[in-house]
Amino acid sequence: MELWNLMSIILLLGLTLRWTVSLNSYSGAGKPPMFGDYEAQRHWQEITYNLPVKQWYFNTSDNNLQYWGLDYPPLTAYHSLICAYVAKVINPDWISLHTSRGYESLEHKLFMRSTVFVADLIVYISAVFFYGFYLNKSSEKKKVFNVLCMLVYPGLILIDYGHFQYNCVSLGFTLWGIISFTYQRYLLGSLAFVLALNYKQMELYHSLPFFCFLLGKSFSKGIKGDGLVLLVKIAFTVIASFALCWLPFLTTEQIFQVLRRLFPVDRGIFEDKVANIWCSLSVLLKIKNVISLQTQLKLSFAATLLSVIPTCIKLTIHPNLKGFIFSLANCSLSFFLFSFHVHEKSILLAALPVCLLLNETALMSTWFLVASTFSMLPLLLKDGLLLPYIVTSLLFLLVTMTSSVLEKTSEEDLKLKPFCISIRRYISWFNIPKQLMRNIFLLSVITMAILSVVSATLTPPSGLPDLFPLLVSVVSCIHFLYFWMYFNILHFWEPTNKIKTN
Amino acid sequence: MPPDTYVDTSEWTLDYPPLFAWFEYLLSQIGRYFDKEMLAVQNLNYGSTATIIFQRLTVIFTDILFMYAARECCRCIPEKKDGKELFKRPAFVLAVLLLWNFGLLIVDHIHFQYNGFLFGLLLLSVARLFQNRNLESALLFTILLNFKHIFLYVAPAYGIYLLRSYCFTSSKPDGSLKWSTFSFLRLASLGLIVCSVFAVSFGPFIAMGQLPQVLSRLFPFKRGLCHAYWAPNFWALYNVIDKALSVIGLKCGLLNIESIPKASMTGGLVQEFQHTVLPSVSPLITLICTFISIMPAVCCLWLKHRGPYGFLHCLILCALGSFLFGWHVHEKAILIAILPLSLLAVKGKKEAGIFLVLSTTGHLSLFPLLFTAQELPIKILLMLLFTVYSFSALRDLFREDRLLSWLEVLYLCGLIPLGIFCELFYPLTPWKERFPFLPLLLTSVYCALGVMQSWLKLYILLLNESATVKPKKDQ
């Protein structure tokens, strides 16, 4: 079958899946007075349409920041404004100032879902197709398979089309940045990443790899000549694009207020149950009670920095594409595990680079993607998204298993051969048996399935109301630590004397 | 449940044969554990979440039979051993065309019916005929008839074929009848099977003296010539021509405005109406038309023995004939023609071409069944998915040949603006209030042309093949 036929079929499958998931409930559905993320997005359309730009981030009589004040950078605000203009044409009641709070109707839900659909199609899906079909130089069958897996990844679909968010836009821009780097268009890539960063400040997790990669590229061109020129051009592009995005907010007062909204440092080291180190440690030791807020900040800052330094240094010294993607995965995982006030949705930032590694490390990437979806289970249960969670996870497992990933578990397939050779210099009997990974994988999937069923059906004992979310978080945290080590090993033992391959 | 199952309690009272009633009874026993309230007779339009999940799960579960039947059909496809990879084999293409059939997906899983299970029975009985297990096939088909009597449309094909090729154990070398080989034993066994199934199914109701009531629920001739959403058949065209002629007649002053009946045939309700210019059509006339339309096919089946493929061809023609000329045909009935045609489509390029036209127009005519805004993207996406796949897979199977003529391609391309107009533009125009029936009318008429063309092409194919069939060895 011709390639473009296959591409259309995969596209249609992905779109159908997304739309059917979007028919389900959303965050905060029918839950006054605060509702949820869905209401937040609607409220931002209301504010950006009705209020002047200067008031968007400030607490005024018309704009009560306690009720879902804007806490994303300006590009989100502009996007909400565009959606608001469309909403105005269809039904002005949706965005009328003050009176539209908590507005819920079937037509409105369809409208909001369509905005996600359109944004996804334009930014993210186009990037996935471009990456999968033009950059990927493997066989046609592998290309099709990779794109299909990326499109069917449950985490992004459930959060964007279920819970209701626009992660597809920022992740899509980041992916365009990666694509640009592959074509050695460093300025374009920087621009794309600046756009991603100005859409969601969460993308800061990806900023270090981008920075180190560009720095490394400049060094490799020679710091006295071309390298310096490149560095200056990139700096100029970044500053200019930032200025353009923040154009209405370029006064000191505005800048500080926006930054205060974007980085609320008085919220504590973690909130709810999230699968990172601090939350898991607090099972044994109540960190929040023992250490002051300032110390918490410093502790998490130090831990995060220590964990990202190795991978960043390696990337700066050897700035190649594969190392870049490894580094993206490593840094986002490090930030997720050790950083301050992490949301469970932030795991999507690590999921994107791992999706790109499906070709390289089929089993481990699939495993990680399944675990990442599982880690968001408490959030999905709160939103009433159990059925889409089950269906999309099963579908994803089915799709990935068709390429017999469970057979490819040797050291060679796991890309751990260089690592094992190094270890064997000191410990001669070190060996990773072929069946070991496969069995651990199956055990892990069974554990996750059992925990999912238990969380959904049983009520926790009255003394431990958060038992199940906590179990899910701890199990996920263990998985993420494991993957953090794995991807770091892969980055470090990556052979760098090969010819740079795309 | 018995004895007053067939008494009119509401607009959704049972109008399927008894075996289907027993099937629903079985489901209700399981449904009790999901939600007791859904079983109370007065609870019409009851839709709690548990109810919905239960209903959907039953459809999914019963579809297992359909999947099994599809697998059996795929096994009947002769494999060309030239080492093609999985995705290019005819059996795989057939499997996808059957399992991902757009019409079946939306009618069963969204609109909600149990057609997958019933079509599973039909396809299984067809597969059994291919595998020469004739008695099983007869049994399955009779059971099917007692589940949904709409399959009476294709009963002539079964009857004639089984009589011709099973009761007469062999034929003459040129394929015609050999009277001496008639086997009374085989005829008796067939008769026994059919009668016993009917006895089991209708027995209790005959014993209770309720047979007239049952029959009146099964064959409601009080309903109008056309279903609420006009099926794309001959009578849709007939109605439109009649309306057009009456409008022209009024404008030219040939007709008196008083003589036109008040009941509007475009009202969309299932009521009877009279035609104004052309003669009115009664159930008897439709029966005669259907009979005449299937006569040639059935005669070919009787006179020339072409094996199971000949039977399948005749079955499809019976289904199409009754679809085009039947009384109060529902547009879902097009699936009875499309699904068996999938089996023929992977066999020859002419059949593949006919399949593409029939399936695309048939599926588009099903669009009005899903009318809410949230189902709109789903039906568009699924329709595109099936259409893209069927076109590309069939073109791959028959690499060297053009499957469709230019006229057909043009006609199919015309479906796109039609769909866009009816689904997207029209609801936003002010005419929506005054003429709510217009998009349905346009869709029906346009698709009717495609369906009729497919029917004619299939007939020509049948007659050509029957005329040139080579002498077969004795069966």
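User: What makes a residue buried, exposed or partly exposed?

Analyst: Buried means under 20% relative accessible area, exposed means over 50%, and partly exposed lies in between, with a 1.4 Å probe and protein chains only. This is a predicted model, where local features need pLDDT of at least 70, side-chain atom pairs count only at pLDDT 80 or more, and totals for chains, interfaces and linings use all residues. Residues are numbered from 1 along each chain as its sequence is written, chains are lettered from A and ligands numbered from 1 in the order in which they are written, and side-chain values use heavy atoms, without hydrogens and water.

User: Why is B:L57 called partly exposed?

Analyst: Its relative accessibility is 43%. That value lies between the 20% and 50% limits, so B:L57 counts as partly exposed. B:L57 sits in helix 2 of chain B. A helix here is a DSSP run of H or I with at least four residues, numbered from the N terminus.

User: Why is B:N132 called exposed?

Analyst: B:N132 has 62% relative accessibility. B:N132 is in the loop between helix 5 (115-130) and helix 6 (134-147) of chain B. Its phi is positive, near 70°, and it is not a glycine.

User: What about A:Q184: which label does its relative accessible area give?

Analyst: A:Q184 has 48%, so it is partly exposed. Its phi is also positive, about 60°, in a residue that is not a glycine. A:Q184 lies in the loop between helix 7 (167-182) and helix 8 (186-199) of chain A.

User: How do you know how far helix 13 of chain B is enclosed?

Analyst: Count its buried residues. They are 12 of the 12, so helix 13 of chain B is largely enclosed by the rest of the structure. Among them are B:I334, B:P340 and B:A345.

User: How do you know what span to expect for helix 13 of chain B?

Analyst: The expected span is 1.5 Å times one less than the number of residues. Helix 13 (residues 334-345) has 12 residues, so it should span 16 Å. Its end C-alpha atoms are 16 Å apart, which agrees.

User: What makes a nonpolar core, and which residues have the most contacts inside the largest one?

Analyst: A nonpolar core is a set of buried Ala, Val, Leu, Ile, Met, Phe, Trp, Tyr and Cys residues joined through side-chain atoms within 4.5 Å. The largest has 284 residues, and A:F368 and B:L394 have the most contacts inside it. Its largest share, 14 residues, comes from helix 4 (residues 106-135) of chain A.

Note on methods: Helix = DSSP H or I, 4+ residues; strand = E, 2+ residues; numbered from the N terminus.
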